[in-house]
Amino acid sequence: MDTGRASSGAGALSGDGRQRIGASTRIVALLGDPVGHSLSPLLHNAAFAEQELDLVYLACAVEVERLGAAMDGLWALGARGANVTIPHKRGALMHAVEATPTARALGAANTLVRTESGWQADNTDVAGYLAPLEPHRQRLAGAPVVVFGAGGAARAVAYGSSIGLGAAAVTVVARRPAQAEALAADLDAATGGTELRVSTPGDAADHVREAALVVNATPLGMGDGRTPWPVASDFREGQIVYDLVYRPARTPLLQIAGSQGATSIGGLPMLLGQAADAYRQWTGRDFPHAVARAAALTALGQDP
Ligand code: NAP
(Lines give C-alpha, C1' and ligand atoms only; values in the text may rest on other atoms or scores of the structure.)
Protein backbone atom coordinates (compact mmCIF):
# COMPACT_ATOMS: atom_id res chain seq x y z
CA MET A 1 0.00 0.00 0.00
CA ASP A 2 1.12 3.54 -0.75
CA THR A 3 1.33 4.97 2.75
CA GLY A 4 1.55 8.57 1.59
CA ARG A 5 5.00 9.02 3.13
CA ALA A 6 6.49 12.33 2.13
CA SER A 7 8.92 11.88 -0.74
CA SER A 8 11.98 14.06 -1.00
CA GLY A 9 11.44 17.15 -3.10
CA ALA A 10 7.64 16.93 -3.11
CA GLY A 11 7.78 17.00 0.69
CA ALA A 12 4.96 18.05 2.92
CA LEU A 13 7.28 18.17 5.90
CA SER A 14 9.96 20.46 7.16
CA GLY A 15 13.11 19.48 8.99
CA ASP A 16 11.54 20.53 12.29
CA GLY A 17 9.06 17.68 11.90
CA ARG A 18 6.08 20.01 11.46
CA GLN A 19 3.62 19.27 8.76
CA ARG A 20 3.87 21.26 5.54
CA ILE A 21 1.36 21.16 2.73
CA GLY A 22 2.76 20.72 -0.78
CA ALA A 23 1.72 19.69 -4.26
CA SER A 24 1.77 16.00 -3.39
CA THR A 25 -0.26 16.28 -0.17
CA ARG A 26 -3.41 14.13 -0.15
CA ILE A 27 -6.60 14.85 1.77
CA VAL A 28 -8.38 13.00 4.55
CA ALA A 29 -11.64 14.72 5.51
CA LEU A 30 -14.31 14.77 8.17
CA LEU A 31 -17.82 15.20 6.74
CA GLY A 32 -20.45 16.31 9.23
CA ASP A 33 -22.59 19.23 10.29
CA PRO A 34 -21.49 20.79 12.56
CA VAL A 35 -17.81 19.84 12.66
CA GLY A 36 -16.31 22.75 14.59
CA HIS A 37 -16.15 20.83 17.90
CA SER A 38 -14.32 17.82 16.48
CA LEU A 39 -10.95 16.71 17.87
CA SER A 40 -10.33 14.46 14.85
CA PRO A 41 -8.34 17.03 12.80
CA LEU A 42 -6.06 17.58 15.75
CA LEU A 43 -5.49 13.87 16.44
CA HIS A 44 -4.89 12.86 12.84
CA ASN A 45 -2.75 15.84 11.84
CA ALA A 46 -0.56 15.25 14.91
CA ALA A 47 -0.25 11.60 13.86
CA PHE A 48 0.52 12.43 10.19
CA ALA A 49 3.22 14.88 11.28
CA GLU A 50 4.71 12.39 13.73
CA GLN A 51 5.00 9.73 11.04
CA GLU A 52 5.97 12.22 8.31
CA LEU A 53 3.02 11.27 6.11
CA ASP A 54 2.13 13.56 3.22
CA LEU A 55 -1.50 13.81 4.29
CA VAL A 56 -3.66 16.55 5.75
CA TYR A 57 -6.94 16.12 7.67
CA LEU A 58 -9.64 18.75 7.13
CA ALA A 59 -13.06 19.14 8.75
CA CYS A 60 -15.81 19.98 6.25
CA ALA A 61 -19.35 21.04 7.15
CA VAL A 62 -21.64 19.37 4.60
CA GLU A 63 -25.42 19.79 4.31
CA VAL A 64 -27.45 16.58 4.30
CA GLU A 65 -28.56 16.91 0.68
CA ARG A 66 -24.95 17.43 -0.47
CA LEU A 67 -23.43 14.34 1.14
CA GLY A 68 -23.41 12.32 -2.09
CA ALA A 69 -21.74 15.16 -4.00
CA ALA A 70 -19.20 15.61 -1.21
CA MET A 71 -18.30 11.90 -1.15
CA ASP A 72 -18.03 11.70 -4.95
CA GLY A 73 -16.01 14.92 -5.04
CA LEU A 74 -13.61 13.74 -2.36
CA TRP A 75 -13.04 10.47 -4.19
CA ALA A 76 -12.51 12.32 -7.51
CA LEU A 77 -9.96 14.57 -5.77
CA GLY A 78 -7.95 11.52 -4.78
CA ALA A 79 -8.69 11.77 -1.05
CA ARG A 80 -7.18 8.94 0.97
CA GLY A 81 -10.09 8.52 3.35
CA ALA A 82 -12.71 10.23 5.46
CA ASN A 83 -14.60 10.19 8.70
CA VAL A 84 -18.30 10.88 8.76
CA THR A 85 -20.26 12.13 11.72
CA ILE A 86 -23.75 13.38 12.58
CA PRO A 87 -25.96 13.75 10.50
CA HIS A 88 -24.27 11.64 7.79
CA LYS A 89 -23.54 8.29 9.42
CA ARG A 90 -26.45 6.49 7.80
CA GLY A 91 -26.28 8.40 4.49
CA ALA A 92 -22.59 7.64 4.05
CA LEU A 93 -23.31 3.92 4.35
CA MET A 94 -26.03 4.20 1.69
CA HIS A 95 -23.75 6.10 -0.69
CA ALA A 96 -20.67 3.91 -0.29
CA VAL A 97 -19.97 1.21 -2.90
CA GLU A 98 -18.99 -1.34 -0.23
CA ALA A 99 -19.50 -1.77 3.50
CA THR A 100 -17.86 -3.86 6.19
CA PRO A 101 -20.05 -6.28 8.17
CA THR A 102 -19.72 -3.95 11.18
CA ALA A 103 -21.04 -0.90 9.31
CA ARG A 104 -23.84 -3.01 7.84
CA ALA A 105 -24.81 -4.43 11.23
CA LEU A 106 -24.93 -0.98 12.83
CA GLY A 107 -26.62 0.64 9.82
CA ALA A 108 -24.13 3.50 10.13
CA ALA A 109 -20.60 4.44 9.03
CA ASN A 110 -18.03 6.66 10.70
CA THR A 111 -15.10 5.90 8.38
CA LEU A 112 -14.65 5.77 4.59
CA VAL A 113 -11.73 3.94 3.03
CA ARG A 114 -10.75 4.50 -0.59
CA THR A 115 -11.17 1.60 -3.03
CA GLU A 116 -10.65 1.42 -6.81
CA SER A 117 -14.32 2.03 -7.49
CA GLY A 118 -15.45 4.31 -4.66
CA TRP A 119 -15.71 4.40 -0.87
CA GLN A 120 -15.87 1.45 1.47
CA ALA A 121 -17.89 2.27 4.60
CA ASP A 122 -16.75 1.03 7.99
CA ASN A 123 -17.64 1.77 11.59
CA THR A 124 -14.58 1.99 13.84
CA ASP A 125 -16.59 3.02 16.93
CA VAL A 126 -16.88 -0.69 17.74
CA ALA A 127 -13.09 -1.20 17.74
CA GLY A 128 -12.74 2.06 19.66
CA TYR A 129 -15.25 0.97 22.28
CA LEU A 130 -13.53 -2.39 22.73
CA ALA A 131 -9.95 -1.03 22.87
CA PRO A 132 -9.83 -0.09 26.58
CA LEU A 133 -11.76 -3.25 27.53
CA GLU A 134 -9.03 -5.51 26.11
CA PRO A 135 -7.31 -6.05 29.51
CA HIS A 136 -10.70 -6.98 31.05
CA ARG A 137 -11.90 -9.29 28.27
CA GLN A 138 -11.60 -12.49 30.29
CA ARG A 139 -13.69 -11.30 33.21
CA LEU A 140 -16.30 -9.79 30.88
CA ALA A 141 -16.78 -12.89 28.71
CA GLY A 142 -20.36 -14.12 29.04
CA ALA A 143 -21.23 -11.37 31.54
CA PRO A 144 -24.26 -9.03 31.63
CA VAL A 145 -23.79 -5.48 30.28
CA VAL A 146 -25.98 -2.38 30.74
CA VAL A 147 -25.85 0.56 28.34
CA PHE A 148 -27.56 3.90 28.94
CA GLY A 149 -28.77 5.57 25.74
CA ALA A 150 -30.06 4.10 22.51
CA GLY A 151 -28.43 6.32 19.89
CA GLY A 152 -25.54 5.65 17.53
CA ALA A 153 -22.90 5.11 20.20
CA ALA A 154 -25.19 2.73 22.15
CA ARG A 155 -25.54 0.65 18.98
CA ALA A 156 -21.76 0.32 18.78
CA VAL A 157 -21.68 -0.61 22.48
CA ALA A 158 -24.40 -3.26 22.18
CA TYR A 159 -22.90 -4.78 19.04
CA GLY A 160 -19.34 -4.63 20.39
CA SER A 161 -20.39 -6.18 23.70
CA SER A 162 -21.93 -9.07 21.81
CA ILE A 163 -19.38 -9.64 19.04
CA GLY A 164 -16.25 -8.59 20.93
CA LEU A 165 -16.98 -9.60 24.52
CA GLY A 166 -19.51 -12.38 24.09
CA ALA A 167 -21.87 -10.70 26.58
CA ALA A 168 -24.65 -12.97 27.81
CA ALA A 169 -27.12 -10.05 27.84
CA VAL A 170 -27.12 -6.35 27.02
CA THR A 171 -29.78 -4.21 28.70
CA VAL A 172 -30.44 -0.99 26.79
CA VAL A 173 -31.76 1.73 29.11
CA ALA A 174 -33.40 4.69 27.38
CA ARG A 175 -35.84 7.42 28.33
CA ARG A 176 -37.79 6.60 25.17
CA PRO A 177 -38.56 2.86 25.27
CA ALA A 178 -39.42 2.83 21.56
CA GLN A 179 -35.85 3.91 20.72
CA ALA A 180 -34.38 1.08 22.82
CA GLU A 181 -36.78 -1.42 21.26
CA ALA A 182 -35.80 -0.28 17.76
CA LEU A 183 -32.11 -0.76 18.65
CA ALA A 184 -32.80 -4.26 19.96
CA ALA A 185 -34.88 -5.17 16.89
CA ASP A 186 -32.27 -3.85 14.44
CA LEU A 187 -29.33 -5.61 16.12
CA ASP A 188 -31.12 -8.82 17.05
CA ALA A 189 -29.97 -10.82 14.03
CA ALA A 190 -26.35 -9.64 14.30
CA THR A 191 -25.97 -10.34 18.03
CA GLY A 192 -27.12 -13.98 17.99
CA GLY A 193 -25.76 -15.33 21.29
CA THR A 194 -26.55 -12.20 23.29
CA GLU A 195 -29.96 -11.47 24.75
CA LEU A 196 -30.96 -7.83 24.11
CA ARG A 197 -33.26 -6.39 26.82
CA VAL A 198 -34.73 -2.93 27.20
CA SER A 199 -35.39 -0.87 30.31
CA THR A 200 -35.99 2.69 31.51
CA PRO A 201 -33.84 4.90 33.79
CA GLY A 202 -36.34 4.49 36.67
CA ASP A 203 -35.86 0.70 36.65
CA ALA A 204 -32.14 0.75 35.90
CA ALA A 205 -30.61 0.25 39.36
CA ASP A 206 -31.34 -3.50 39.56
CA HIS A 207 -29.78 -4.09 36.14
CA VAL A 208 -26.76 -2.01 37.11
CA ARG A 209 -26.17 -3.97 40.31
CA GLU A 210 -26.09 -7.31 38.47
CA ALA A 211 -23.98 -6.03 35.53
CA ALA A 212 -20.24 -6.62 35.12
CA LEU A 213 -19.99 -3.62 32.78
CA VAL A 214 -22.06 -0.41 32.84
CA VAL A 215 -21.70 2.02 29.93
CA ASN A 216 -22.99 5.57 29.60
CA ALA A 217 -23.76 6.31 25.93
CA THR A 218 -25.81 9.45 26.62
CA PRO A 219 -24.41 13.00 26.83
CA LEU A 220 -25.41 13.18 30.52
CA GLY A 221 -22.41 14.17 32.63
CA MET A 222 -20.91 16.38 29.95
CA GLY A 223 -20.56 19.51 32.07
CA ASP A 224 -24.07 19.27 33.53
CA GLY A 225 -23.15 17.44 36.77
CA ARG A 226 -25.73 14.74 36.00
CA THR A 227 -25.73 10.93 35.98
CA PRO A 228 -27.82 8.81 33.58
CA TRP A 229 -29.98 7.48 36.43
CA PRO A 230 -30.37 8.44 40.13
CA VAL A 231 -27.24 6.63 41.29
CA ALA A 232 -27.21 5.25 44.85
CA SER A 233 -25.06 2.42 46.25
CA ASP A 234 -25.20 0.61 42.94
CA PHE A 235 -21.54 -0.28 42.39
CA ARG A 236 -19.08 -2.78 43.82
CA GLU A 237 -15.51 -3.89 43.39
CA GLY A 238 -14.99 -5.94 40.24
CA GLN A 239 -17.48 -3.93 38.19
CA ILE A 240 -16.37 -1.75 35.28
CA VAL A 241 -18.08 1.59 34.64
CA TYR A 242 -17.31 3.13 31.26
CA ASP A 243 -18.43 6.64 30.35
CA LEU A 244 -18.18 7.52 26.64
CA VAL A 245 -18.21 11.21 27.58
CA TYR A 246 -14.62 12.49 27.51
CA ARG A 247 -15.17 16.08 28.61
CA PRO A 248 -14.72 16.16 31.64
CA ALA A 249 -12.29 13.26 32.07
CA ARG A 250 -13.99 12.18 35.30
CA THR A 251 -17.74 12.57 34.99
CA PRO A 252 -20.01 12.46 38.07
CA LEU A 253 -20.82 8.83 37.16
CA LEU A 254 -17.14 7.83 37.15
CA GLN A 255 -16.49 9.69 40.40
CA ILE A 256 -19.29 7.84 42.21
CA ALA A 257 -18.39 4.46 40.67
CA GLY A 258 -14.74 4.93 41.65
CA SER A 259 -15.65 5.90 45.20
CA GLN A 260 -17.66 2.65 45.51
CA GLY A 261 -14.76 0.46 44.33
CA ALA A 262 -15.61 -0.04 40.65
CA THR A 263 -13.02 0.32 37.87
CA SER A 264 -13.72 3.44 35.81
CA ILE A 265 -12.93 4.11 32.14
CA GLY A 266 -13.47 7.50 30.48
CA GLY A 267 -14.33 8.32 26.86
CA LEU A 268 -10.89 9.36 25.61
CA PRO A 269 -9.59 5.80 25.01
CA MET A 270 -12.59 5.14 22.74
CA LEU A 271 -12.00 8.37 20.84
CA LEU A 272 -8.37 7.38 20.30
CA GLY A 273 -9.29 3.76 19.54
CA GLN A 274 -11.74 4.64 16.77
CA ALA A 275 -9.21 7.06 15.30
CA ALA A 276 -6.48 4.39 15.45
CA ASP A 277 -8.56 1.86 13.54
CA ALA A 278 -9.42 4.38 10.81
CA TYR A 279 -5.81 5.59 10.60
CA ARG A 280 -4.53 2.04 10.13
CA GLN A 281 -6.92 1.54 7.22
CA TRP A 282 -5.99 4.83 5.52
CA THR A 283 -2.24 4.65 5.97
CA GLY A 284 -1.29 1.01 6.63
CA ARG A 285 0.48 2.26 9.76
CA ASP A 286 -0.06 1.89 13.48
CA PHE A 287 -1.48 5.02 15.07
CA PRO A 288 1.10 6.98 17.15
CA HIS A 289 -1.07 6.74 20.20
CA ALA A 290 0.99 8.77 22.68
CA VAL A 291 1.35 11.75 20.34
CA ALA A 292 -2.38 11.81 19.53
CA ARG A 293 -3.33 11.39 23.19
CA ALA A 294 -1.10 14.27 24.22
CA ALA A 295 -2.66 16.48 21.51
CA ALA A 296 -6.16 15.55 22.71
CA LEU A 297 -5.35 16.18 26.38
CA THR A 298 -3.90 19.59 25.57
CA ALA A 299 -7.00 20.52 23.59
CA LEU A 300 -9.26 19.29 26.39
CA GLY A 301 -7.25 21.15 29.02
CA GLN A 302 -6.71 17.88 30.91
CA ASP A 303 -3.59 16.68 32.71
CA PRO A 304 -1.47 14.13 30.82
P1 NAP B 1 -27.11 10.17 19.87
O2 NAP B 1 -27.17 9.27 18.69
O3 NAP B 1 -27.68 11.53 19.81
O4 NAP B 1 -27.77 9.37 21.11
C5 NAP B 1 -27.82 9.93 22.40
C6 NAP B 1 -28.66 9.04 23.31
O7 NAP B 1 -28.68 9.65 24.61
C8 NAP B 1 -30.12 8.92 22.87
O9 NAP B 1 -30.65 7.69 23.26
C10 NAP B 1 -30.76 10.07 23.65
O11 NAP B 1 -32.13 9.92 23.86
C12 NAP B 1 -30.03 9.96 24.96
N13 NAP B 1 -30.12 11.22 25.70
C14 NAP B 1 -29.73 12.44 25.26
N15 NAP B 1 -29.97 13.37 26.21
C16 NAP B 1 -30.54 12.71 27.25
C17 NAP B 1 -31.02 13.11 28.52
N18 NAP B 1 -30.98 14.39 28.92
N19 NAP B 1 -31.55 12.16 29.33
C20 NAP B 1 -31.61 10.86 28.94
N21 NAP B 1 -31.16 10.42 27.73
C22 NAP B 1 -30.63 11.34 26.91
O23 NAP B 1 -25.60 10.39 20.32
P24 NAP B 1 -24.40 9.32 20.21
O25 NAP B 1 -23.65 9.56 18.97
O26 NAP B 1 -24.96 7.98 20.49
O27 NAP B 1 -23.45 9.82 21.41
C28 NAP B 1 -23.84 9.64 22.76
C29 NAP B 1 -22.73 10.14 23.68
O30 NAP B 1 -21.57 9.35 23.51
C31 NAP B 1 -22.31 11.59 23.42
O32 NAP B 1 -22.02 12.19 24.64
C33 NAP B 1 -21.06 11.46 22.61
O34 NAP B 1 -20.18 12.55 22.78
C35 NAP B 1 -20.46 10.19 23.21
N36 NAP B 1 -19.61 9.49 22.24
C37 NAP B 1 -18.31 9.33 22.57
C38 NAP B 1 -17.49 8.66 21.71
C39 NAP B 1 -16.04 8.48 22.08
O40 NAP B 1 -15.25 8.18 21.19
N41 NAP B 1 -15.68 8.60 23.34
C42 NAP B 1 -17.98 8.15 20.49
C43 NAP B 1 -19.33 8.33 20.19
C44 NAP B 1 -20.14 9.02 21.10
P45 NAP B 1 -33.16 10.86 23.03
O46 NAP B 1 -33.08 10.40 21.60
O47 NAP B 1 -34.45 10.62 23.70
O48 NAP B 1 -32.66 12.28 23.18
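Okay, let's start at the ligand: a backbone N or O atom of Ala 150 lies 2.9 Å from one of the ligand's oxygen atoms. That's a polar contact, by which I mean a pair of N or O atoms within 3.5 Å; within protein, one must be able to donate a hydrogen and the other to accept it, and residues adjacent in sequence count only if both atoms are side-chain atoms.

Before I go on, a word on the source. This is a predicted model, where local features need pLDDT of at least 70 and side-chain atom pairs count only at pLDDT 80 or more, while totals for chains, interfaces and linings use all residues. Residues are numbered from 1 along each chain as its sequence is written, and side-chain values use heavy atoms, with hydrogens and water left out.

Back to the ligand. Ala 153 also has a backbone N or O atom by a ligand oxygen, at 2.7 Å. With Arg 175 it's the side chain: an N or O atom there is 2.7 Å from an oxygen atom of the ligand.

When I say helix or strand, I mean DSSP runs numbered from the N terminus: H or I with at least four residues for helices, E with at least two for strands.

Is H7 enclosed or open to the outside? It's largely enclosed by the rest of the structure, because nine of its twelve residues are buried. Among them are Ala 154, Arg 155, Tyr 159 and Ser 162. Buried means under 20% relative accessible area, exposed means over 50%, and partly exposed is in between, using a 1.4 Å probe and protein chains only.

What does H7 lie across? It lies across strand S7 (144–148), strand S8 (169–173) and S10, running at about 175° to S7. Helix H8, residues 177–187, packs on the sheet too, touching S8 and S9, and its direction makes about 170° with that of S9. Contact here is heavy atoms within 4.5 Å. For the angles, axes are lines fitted to C-alpha atoms, for helices over the stretch in contact, and the values run from 0 to 180 degrees between N-to-C directions.

The sheet itself is open, with six strands in the order S9-S8-S7-S10-S11-S12 and parallel pairing. At its edges are S9 (195–199) and S12 (263–265), each pairing on one side only. From one strand to the next, the twist averages 20°. Two strands pair if DSSP finds at least two bridges between them. S10 and S11, for instance, run parallel and are joined by four bridges, and Val 215 stands opposite Tyr 242 in S11.

On to the other sheet. Here six strands form an open sheet in the order S2-S1-S3-S5-S6-S4, and the pairing is mixed. S2 and S4 (98–99) are the edges; each has a single partner strand, so one side of each is left without a neighbour in the sheet. S1 and S3 run parallel, with four bridges, and Ala 29 has Ala 82 in S3 as its bridge partner.

Helix H1 lies across S1, S2 and S3, at about 170° to S2. H11 lies across S1, S2, S3, S5 and S6, and it runs at about 10° to S5.

Then there's Asp 125, in helix H5. It counts as buried because its relative accessibility is 12%. Its side chain makes a 3.3 Å polar contact with that of Lys 89. Leaving aside neighbours within four places in sequence, Asp 125 also touches residues including Ala 156 and Met 270.

Most residues other than glycine have a negative phi, and most peptide bonds are trans. Asp 33 and Pro 34, though, are joined by a cis peptide bond, omega about 10°, and Pro 34 sits in the loop between S1 and H1. Arg 247 and Pro 248 are joined by a cis bond too, with omega about 10°. And Glu 52 has a positive phi, near 55°; this residue is in the loop between H1 and S2.
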